[in-house]
Amino acid sequence: MYVEFEPQTINRTVVMIIPKPKFYEWEKQVFPDDATTADRSEFSTYLIENEIDPDEPKKALKNHWEYIFENELFGICTDENEWPKNRTWKRFTAYFEVKYSTQVFDLLDRPVLKQD
């Protein structure tokens, strides 16, 4: 298959946030009557700065992990009173597996659109 354009890399690192069983336990506490409220085959992906060291996850996410944590909680429950009170790095890593990809290729030959 021939590609008519040269895919370009972009200056971002992909961070995949994959819920662990502890996250689903919290979800079940909030919504005990629901079989599941989340699609367990889906997970969130975030773009962060490109100059990170994936071997030092806390340092790589130092400016972002709290936002990511709250965004993931909000995706399940919009009532902040139901969220865990102590949202620490330790709890974040108990709730989520974090995977990085520093090679990000844009396979489309059109601009990226951002929503506000």
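F23, Y24, W26, W65, F69, W89, F92, Y95 and F96 come together as one aromatic cluster, and the structure holds 12 aromatic pairs. Here rings of Phe, Tyr and Trp (its six-membered ring) pair if their centres lie within 6.5 Å; planes under 30 degrees apart count as stacked, over 60 as edge-to-face and the rest as tilted. This is a predicted model, where local features need pLDDT of at least 70 and side-chain atom pairs count only at pLDDT 80 or more, while totals for chains, interfaces and linings use all residues. Residues are numbered from 1 along each chain as its sequence is written, and side-chain values use heavy atoms, with hydrogens and water left out.

Take F23 and F96: this pair is tilted, 5.0 Å centre to centre with 45 degrees between the planes. F23 sits in helix α1 and F96 in strand β4, so the pair ties together parts 73 residues apart in sequence. (Helices, H or I with at least four residues, and strands, E with at least two, are DSSP runs numbered from the N terminus.) F23 is buried, with a relative accessible area of 3%, and F96 is buried too, at 2%. Buried means under 20% relative accessible area, exposed over 50%, partly exposed in between (1.4 Å probe, protein chains only).

Now look at helix α1 (residues 21–30), whose buried residues are F23, Y24, W26, E27 and V30. Seen down the axis of α1, they fall within an arc of 155 degrees (taken from the directions from the helix axis to the C-beta atoms), so they line one face of the helix. The face turned away from that buried side carries the exposed P21 and Q29.
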